[in-house]
Amino acid sequence: MSSTMIPEQLQQQIDTAALMARGIKHAALPDEEREALTNRIKQQLAQQDAVLVAHYYVDDELQDLADATGGVVADSLEMARFGYEHPASTVVVAGVRFMAETAKILSPNKKVLAVERAAECSLDLGCPIEAFSRFCDQHLDRTVVVYANTSAAVKARADWVVTSSIALKVVEYLRDKGETILWAPDRFLGDYVQRMTGADMVMWQGSCIVHEEFKAHELKKMKQQYPSAAVLVHPESPAAVIDLADRVGSTSQIIKAAVEMDNDVFIVATEDGIFHKMREAAPGKRFIAAPTAGEGATCKSCAHCPWMKMNDLPRLAHVLETGENEVFIAESIRQQAEVSLKRMVDFARTHINPNMHVTGNA
Ligand code: 13P
Ligand code: SF4
């Protein structure tokens with residue numbers, strides 16, 4: 001299997017960006033201040049015909065606000081679809097940069113605001129367009145499938161964009177048509193998709209700094225400690241962790257599993273922001289974070305995405321009141337990226353859920 005490693009210098013840049021994001025501390029807000037901010041935000045959303053689209057990993061209060069104002073809390077596929085189909089003229093994205101860019105690519109006539117422009121993603125940072133283009137040039141016979149966690153320019157170079165909730169189905173579909181695949185950037189998700197589908201894939205070697213830290217050896221021990229627990233794993237995790245899972249899936253698929261499965265206890269290998277919706281969706285069940293620190297080692301991310309956690313109420317109020325952080329994408333790139341993204345949205349509608357309409361919550 002051919003692959004492209006992340007150069008050490010780029011890895012250092014990613015680690016430095018994550019370190020800086022981790023260094024940002026959010027002061028706990030007194031109740032009156034939080035209430036005043038929340039009211040200002042609600043007023044601005046209504047006045048500006050704006051809808052709040054949030055990911056499961058952002059703070060609880062942003063998730064609650066999205067729910068309370070007719071927005072959505074969702075996985076990255078549903079965020080894309082919701083922002084695209086919702087009639088609001090402004091879409092405000094609480095998540096990371098690729099999510100805000102995706103909203104703009106799909107809805108060029110809407111105003112798209114990112115709550116935090118500096119909220120990155122290690123997968124996006126680890127796949128710069130110049131190097132990625134060179135990799136594509138070496139494999140011109142392959143269909144280029146990229147994960148949504150990439151820049152607009154990388155999406156523009158791709159034939160298909162996928163998210164973790166749809167990756168298996170799209171690759172199965174391409175495999176059945178006899179196509180070979182160039183996959184980027186997440187090596188763990190790519191490896192999982194390759195193992196499940198048997199497709200012929202060459203891989204970029206990026207990773208998520210949060211999910212790569214989950215540890216199989218410690219997870220085995222935790223399973224012994226909680227023998228009745230089911231293990232839920234996001235496929236950005238290492239293969240040895242995925243192999244211990246009772247269910248593997250995107251954030252929304254993991255929440256659905258927690259609701260549907262009979263178990264009372266779940267060990268969860270994904271970012272810890274997901275516990276808020278899990279507890280809401282499956283009250284009375286117990287959720288335990290999967291281990292991130294190996295023996296004698298300490299975790300750096302510790303199931304906490306430093307970039308997702310940059311989103312907060314004061315920033316959201318500021319962005320709405322100033323119009324800062326509007327997302328712009330060069331039209332030539334946007335148009336090309338739109339083709340590969342729309343393929344995914346249309347595929348989801350035709351192959352997964354033909355009744356996909358804007359419904360409020362995922
Ligand atoms: P989902 O599409 O499962 O929400 O994943 C997005 C992400 O960034 C996971 O780390
Ligand atoms: Fe990116 Fe990982 Fe953060 Fe998701 S959790 S946004 S993949 S760094």
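The entries below go from the ligands to the strands, then to the helices and a few backbone details.

**Entry 1: the ligands**

A reminder to myself before anything else: this is a predicted model. I began with ligand 2 and asked which residues come nearest to it. There are 13 residues around ligand 2, and C121, S122, C208, V210 and C305 come nearest. I then sorted the shell around ligand 2 by class and got nine nonpolar, two polar and two charged residues.

Next I turned to ligand 1. Around it I found D75, S76, L77, N149, T163, S164, S165, C208, E236, S250 and T251. By class, the shell around ligand 1 splits into two nonpolar, seven polar and two charged residues.

**Entry 2: strands 4 and 5**

How do strand 4 and strand 5 run, parallel or antiparallel? Strand 4 (residues 90-94) and strand 5 (residues 111-114) run parallel, and four bridges join them. I picked out T90, which stands opposite K111 in strand 5. I followed the chain from strand 4 through helix 5 (residues 97-106) to strand 5, and this β-α-β crossover is right-handed.

Strand 10 (residues 230-233) is joined to strand 11 by two bridges. For L232 I noted that the bridge partner in strand 11 is R247.

**Entry 3: helix 7**

In helix 7 (residues 129-137) I found F132, F135 and C136 buried. Why do I say that they line one face of the helix? Looking down the axis of helix 7, its buried residues fall within an arc of 100°, so they share one face. On the other side of helix 7, I marked E130, S133, R134 and D137 as exposed.

**Entry 4: helix 14 and K277**

My list of buried residues in helix 14 reads I274, F275, K277 and M278. Down the axis of helix 14, these buried residues fall within an arc of 165°, so here too they line one face of the helix. I asked what covers them, and the cover includes helix 3 (60-68), strand 3 (72-74), helix 13 (251-260), strand 12 (265-269) and strand 13.

K277 made me stop, so I checked why this lysine counts as buried. K277 has 22 C-beta neighbours inside 10 Å, and the cut-off for buried is 20 or more. Leaving aside neighbours within four places in sequence, I found K277 in contact with Y56, Q63, V73 and I255. I also checked K277 against R157: the two are 120 residues apart in sequence, and their C-alpha atoms are 35 Å apart in space.

**Entry 5: R175**

R175 sits in helix 9 (residues 167-176). I noted R175 as partly exposed, because 18 other C-beta atoms lie within 10 Å. Not counting residues up to four places away in sequence, R175 touches T197 and A199. From R175 to M203, 28 residues apart along the chain, the C-alpha separation is 15 Å.

**Entry 6: backbone details**

A general point to keep in mind here: most residues other than glycine have a negative phi, and most peptide bonds are trans. I went looking for exceptions.

The peptide bond from A184 to P185 is cis, with omega near -10°. I located P185 in the loop between strand 8 (181-184) and helix 10 (187-197).

C302 is not a glycine, yet its phi is positive, at about 55°. I placed C302 in the loop between strand 13 (286-289) and helix 15 (313-322). With 14 C-beta neighbours inside 10 Å, C302 counts as partly exposed.

N325 also has a positive phi, near 65°. This residue lies in the loop between helix 15 and helix 16 (331-352). Is N325 buried or exposed? N325 is buried, as 20 other C-beta atoms lie within 10 Å.

Key:
Residues numbered from 1 in each chain as written. Chains lettered and ligands numbered in written order. Predicted model: local features only at pLDDT ≥ 70, side-chain atom pairs only at ≥ 80, totals over all residues. Near = placed C-beta within 6 Å. Nonpolar A, V, L, I, M, F, W, Y, C, P; charged D, E, K, R; others polar. Pairing = 2+ DSSP bridges. Right-handed = clockwise from strand over helix to strand, strands pointing away. Buried ≥ 20, exposed ≤ 12 C-beta atoms within 10 Å, placed from the backbone. Contact = placed C-beta atoms within 7 Å. Arc of directions from axis to C-beta.
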